[in-house]
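Have a look at the structure first, then read on.

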Amino acid sequence: MSTGPHTSRPDFEIAGHRISPGQRLSLDVPIVRLYTHAPLPIPVEVIHGRRPGPVLLVCGALHGDEINGVEIVRRLLHSSRLDGLSGTLVAVPIVNVLGFVQHSRYLPDRRDLNRCFPGREDGSLGARVAALFRREVVDRASHIIDLHTGALHRSNLPQVRLQLGVDDASRQMAEAFGAPVILNAPLREGSLRAYAQGRGIPVLTFEAGEALRFDEWAISAGVRGILRVMRKLKMIPAGRGRSAASEVALGASWVRAPQDGILRPRIRLGARVSPGQILGLVASPIGDVQAEVPAPGDGIVIGINNLPLVNRGEALFNIARFKELDDAESAVDEYQEALELGLR
Ligand SMILES: [Zn+2]
């Protein structure tokens with residue numbers, strides 16, 4: 001293939017670095033300092049393909065304790081499928097570096113970085129980190145995949161979240177990703193997703209697993225999903241990857257604890273439930289005061305609380321509702337079978 005001066009694409013510029021076509025570069029974007037004044041840069045890896053194409057940003061740990069995305073990015077960057085990439089991959093394993101080193105979802109001032117976008121360069125810590133990350137990295141992207149997990153002590157079934165009915169490009173990315181569930185999720189003000197969507201950048205959030213844990217099924221689903229999106233965007237050749245079924249959920253809501261006590265769950269993540277089915281029991285330690293937790297309706301369990309110690313009103317099971325529940329159940333079954341066969 002000719003790579004002469006007439007066919008060569010321009011260099012990619014990011015955070016003060018220039019990357020030529022065919023080059024791969026690890027760089028540190030200086031954004032914050034520790035109290036000791038030591039710099040704590042955001043690590044970024046850029047692969048600038050020889051051929052033109054989208055600029056895909058894949059980022060993890062915007063919530064500092066959501067570490068599955070860190071491993072997803074590492075594996076993605078070692079994938080041989082990226083050889084001969086068209087377009088540019090900008091991979092950021094850890095956005096919230098301050099939260100990450102403290103095992104915390106939040107910044108040291110307890111702000112949620114994913115509520116700080118677009119941010120302000122003369123603002124508080126969260127506003128500043130958001131503004132600098134946006135200016136140096138996010139604004140360079142044409143497409144974004146943002147990697148998350150459930151909160152502390154909560155696991156999510158692999159799912160893609162986006163606001164449906166806004167743009168076709170995001171929806172096509174979501175369908176290509178092939179997580180068993182696509183959840184229509186309203187935008188949260190100040191989130192990276194809201195900022196990107198407001199600028200017309202196709203964006204989706206991948207949610208899988210639990211904070212501060214590596215979940216193999218969540219990580220492998222994430223890597224394969226991103227590669228499928230890259231195939232769809234023609235950044236890597238079509239072919240060897242299997243497609244996977246997804247079903248769009250109408251919405252999801254948490255079933256909450258009916259009383260204070262100790263939870264004994266009766267169902268697993270990914271299970272199909274029917275109205276009135278007992279999802280778990282919450283009891284006093286001796287078990288004399290016990291309450292059932294019934295399912296309010298049909299659906300699939302897409303989120304679950306793993307900490308048995310619960311207070312009344314606490315979120316226990318997140319149940320997604322579907323128009324075609326049978327199809328949703330098969331998408332989850334197919335996903336779990338593929339996982340067991342090592343196909344994901
Ligand atoms: Zn998150």
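By the rule used here (a disulfide is a pair of cysteine sulfur atoms within 2.5 Å), the count comes to zero disulfides. Take C59: the closest cysteine sulfur, in C116, is 15 Å from its own, too far for a bond. C116 is in no disulfide either.

A quick word on the model. It's a predicted one, where local features need pLDDT of at least 70, side-chain atom pairs count only at pLDDT 80 or more, and totals for chains, interfaces and linings use all residues. Residues are numbered from 1 along each chain as its sequence is written, and side-chain values use heavy atoms, with hydrogens and water left out.

| Residue | Relative accessibility | Class |
|---|---|---|
| C59 | 0% | buried |
| C116 | 12% | buried |
| S155 | 7% | buried |

What does its side chain pair up with? There's a polar contact of 2.9 Å to the side chain of N306. (Polar contact here is a pair of N or O atoms within 3.5 Å; within protein, one must be able to donate a hydrogen and the other to accept it, and residues adjacent in sequence count only if both atoms are side-chain atoms.) Beyond its neighbours within four places in sequence, S155 is also in contact (heavy atoms within 4.5 Å) with residues including G209, E210 and L269.

Now the metal. The zinc ion's protein donors are H63 (ND1), E66 (OE), E66 (OE) and H148 (ND1), 2.0 to 2.5 Å from it. Donors are N, O and S atoms within 2.8 Å of the metal (3.2 Å for Na, K and Ca); water is not among the atoms, so sites may look incomplete. In sequence, the donor residues follow H-x2-E-x81-H. E66, in the loop between β5 (51-60) and α1 (68-77), and H148, in strand β7 (residues 143-148), are 82 residues apart, so the pair links distant parts of the chain. Both E66 and H148 are buried.

Last, a sheet: four strands form an open one in the order β15-β14-β12-β17, with antiparallel pairing (two strands pair if DSSP finds at least two bridges between them). β15 (290-294) and β17 (309-310) stand at the edges with a single partner strand each, so one side of each has no neighbour in the sheet.

Key
Buried < 20%, exposed > 50% of the residue type's maximum accessible area, 1.4 Å probe, protein only.
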